[in-house]
Amino acid sequence: MNPKRVVVLCAVLLAGFLSKASLSSMADDTSPFAAADAKILAEIHDHSEAAQNLEYISDNIGPRLTGSPQLKAANDWTAEQFRKYGLANVHLESWKIAHTWTRGTAKARIVAPAEHPLTIASAGWAPGTNGPVRGPIVFFDAQTKEDFEKFRGKLKGAIVITQKPESLSPPQKETPFADVARPMQAPLPRKGDPIPPSPFANFAAAARERNDFFKQEGVAAILRDSNKPHALLNMTGVGGEKFDIGPIPNAFITGEGYRMIYRLLQHGPVEVELDITNTIGDGPADVYNTVAEIRGTEKADEVVILGAHLDSWDLGTGSTDNGTGSSAVLEAARALAKLDLKPKRTIRFVLFSGEEEGLVGSKRYVESHKEDLDKISGVLVHDTGTGKVLTLGLHDNYQDREIVDNVLAPLGDLKLLEPTMIRTFGTDHASFDDVGVPGFWCVQDGAEYTKTHHSQSDTFDKVWKDDLNQGAQVLAAWAYNTAQLPEMLPRRPLPYQPDAEARKAAASIPDPISDVDKKIIEQVKKDQPQLKADLTHLTDNIGPRVTGTPQLKHANEWAAEQFKALGLSNVHQEPWKIATGWTRGSGSGASGRIISPTPHELTLAAAAWSPSTKGALRARVVGVAVDNADQLQQYKGKLKGTIVLLGLPRDMEPPMNPLVTPWNDDAIPISRPKSDKPFDFRAYMKTIRAEMAFFNEEQPGAVLFGSEKLYGLENMSTVSREYKPAAFAAAYVTGESFRQLWRLVDAGSVTAEVKIETSFSKGSVEVYNTVAEIPGTEKPDEVVIIGAHLDSWDLGTGATDNGTGSVAVLEAARALMKSEVKPKRTIRFILFTGEEQGLNGSKEYVKQHQSELGKISAVLVHDTGTGKTLTIGLMGNYPARETLSYVLIPLARTKEIGLAEPTLREMGGTDHVPFDAEGVPGFWCVQDPVDYDRTHHSQADTIERVRWDDLAEGAQVLAVFAYNVAQLPDLLPRKPASAIHKDGM
């Protein structure tokens, strides 16, 4: 077999699941930014100066403490680089700090009960000790201001520690993609919402009260835990945004030294000696932000800003915090200037200072440019180390999400993840967000940031050069594309900022929805034995449920009985018809063997709605492998009566966690062919249709599709989505048999014998969707739908596709009824049929309920196996994205659920699609794929594969989603008509 042949996927294996996200990379070529972006990426890839610039900043200039001569040298040098690169309006913008601070020496040792040296570094803007100081260690463990009293009169001359240390060994594993694959962040509170106390405000207030107490009591010094392994120090300042001098000597010691002190203290008194010398400037000093521009050609007064902070702490050389960001901004400027792309808007590059002391340089920039803020379209800041940029953090700027998706669309080669709404306040973008300017930040791979951050290990040798260049590519392309937009980025209203009194009052506001959600979640936990009993009965006592079979009708009746027993209303079956029913023959309905060149048994299963071969068919085997319809002509007149192998075997790769799948890639939960190129779904479907038409004309004796699975697992689908007998007999072959056949065909002539046995009903068959409701109390004509498909294929028992979804819907109904909820809108539960042949039951439902579609607030479907529900897929419904944050946050706060933020990814293949195609908000449960790629449509789809806790979690998500959407003041927003795909894709 020639491995270089182009692969053609066999019919209908992937068609139902492919997402529009997988189409976006094909659309990139039509983007108005694509050609320019290709040049930008190539220029930085081929000619980057980012690493050499960073090496100079790190080694030749060194650490750049705010107010230090080294920072001024870095300001001057970066300004000169901007000029060298041809930028305009290069200048330094000054602002003042109250005091400069210069680190001196710091020594420390434990002197009793035994002598041990300590590695120590003064906190920034802390005073020295004025000579050696020796004193007892006191663990100040006060949790409240009232607790201070037990220490009154006992701290004079003491050296205080305030934290109980955590274990450093074994080290906590760093979670890849931790910023994106984590529970959703709580949305900002709205006026009238309950507001929990601010942990940051409480922490800052407690620290001020504690430091005042320490000063009054005569504490000699404070020692802090660096909380890093391997003798690494940490660093921060105590002078605040005003750059004042702290009241008491304050220093970090290594994690190992801190833990030794704490251990010794458990057994008796500990005495420590310190000697810290620092130099404090007499008065205010000027510091600077470095600024440069590429002037816009059409709207020069409108600005896009790329930023990073040039200052650093001084234990290392500030290479990864934030020399990397500064050099990435420099490199973006170099590439854009060299390419002379002439952006419509001005692109401004700002290297801030004072970031390490509280984003002070960017705050002063905002203050000094307050008259120009309405002309800033957006800001993007690079400031979390040397790791590659994973995606952009949009800091709650929901209104910009769709535009940002389009801006990033041409960057498919960079494999960016889906943009996230996560807000963070630790980088300079936040200074702009606080005043309403869209401020974004680069979400980066953690690399070694937890070790290098603020430590003596923050040096140039820790820089990952390829990832540094990738960050520069993202910055440059984003800035250019944003500068080219027809309009400035939209702005959000400033978030609600209650004063202290309002916040205190809001903390006690009851949250009835959250209280009901907790009750629902607990009810599902209690119901787990019944959930397991339901799925066991469905799979073992009823069995596989092919559309049109008595087993499926039995399942419909059983489900309706369950709904009635729970007390649901309007329980009924909604009929629709299929042209014929189909039944597999004995066993798998197909058998076969290779006759020549040597006998081998084949493992087959009849494809659904395939006719029989009318006995054993012995014929020549012909391999058909094409990558477009035109290539079929080479087989014209050569296939009649033959056994056709359709498509070459492919090397497959398992599905990724959808939360960390690149945004331009599909996130289907089944195996997909390995390929360096994006999958062209439309070309694939065009080829499949051409192949089916060609076989109808050429009349092969049988067509064999290869299962993409190995280890003897079959696959299953239909060769007729209209429920009519196919024009040719067809069967699925195990991956092993398919590969063997191809090897033999490549080597010479092959004869095989296949026998396919199936039967059809004599006429049309009535099938049913099972429907039940909890009526709404205020708006009963408005509906929230929870759905799954009850039908299955028949090689296994349909346990995970989709018995799991069906019993999750049933359990959601049970939990809501037992919780005695009174939803404002009607909650409707639907178990669809005909899904496996093309979402036909849900299509029929939509067709029969056309007049009601405008009253359906949302549809949520559970249908990708037994894995945990990770989040909700919103099918590109940008208008509903912010509202869904408030709907789903109780599920994110529940530890065992931990729902991630909803995705705007679009995927076909489940019964939400027909609703989405009609403009109804149709959503899907995005699930952990676990082993779905193996069980899906195979004989392994049995109850042994079910993960019961994850299934219960899916029911919790369905029930809480349904109730919370039913309680919203209005129906969920809908996509504009231009965004609706009537073909369901």
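**Exercise 1: the largest cavity**

By class, nine nonpolar, four polar and four charged residues make up the lining of the largest cavity (nonpolar: Ala, Val, Leu, Ile, Met, Phe, Trp, Tyr, Cys and Pro; charged: Asp, Glu, Lys and Arg; polar: the others, Gly among them). This is a predicted model, where local features need pLDDT of at least 70, side-chain atom pairs count only at pLDDT 80 or more, and totals for chains, interfaces and linings use all residues. Residues are numbered from 1 along each chain as its sequence is written, and side-chain values use heavy atoms, leaving out hydrogens and water.

Task: find how much space lies in the largest cavity.

Solution: The largest cavity holds about 200 Å³ of space. Its lining has 17 residues, and Val-180, Glu-418, Leu-659, Glu-901 and Thr-903 are the closest to its centre. (On a 1 Å grid over the protein atoms alone, a cavity is a set of points where a 1.4 Å probe fits but cannot get out; lining residues have an atom within 4 Å of a point. A volume is the space filled by probe spheres set on the points, which are joined across faces, edges and corners.)

**Exercise 2: His-912**

Task: decide whether His-912 is buried or exposed.

Solution: Start in the loop between helix 21 (881-893) and helix 22 (913-917), where His-912 has its place; helices are DSSP runs (H or I, at least four residues), numbered from the N terminus. His-912 is buried (under 20% relative accessible area; exposed is over 50%), because its relative accessible area is 0%.

**Exercise 3: confidence**

Task: state the mean pLDDT of the protein.

Solution: The mean is 92, and 95% of the residues reach 70 or more, with pLDDT being the predictor's confidence in each residue, from 0 to 100.

Notes
On a 1 Å grid over the protein atoms alone, a cavity is a set of points where a 1.4 Å probe fits but cannot get out, and a pocket is an open set with protein on both sides within 12 Å along at least five of seven lines; lining residues have an atom within 4 Å of a point. Helices (H or I, at least four residues) and strands (E, at least two) are DSSP runs, numbered from the N terminus. Buried means under 20% relative accessible area, exposed over 50%, partly exposed in between (1.4 Å probe, protein chains only).
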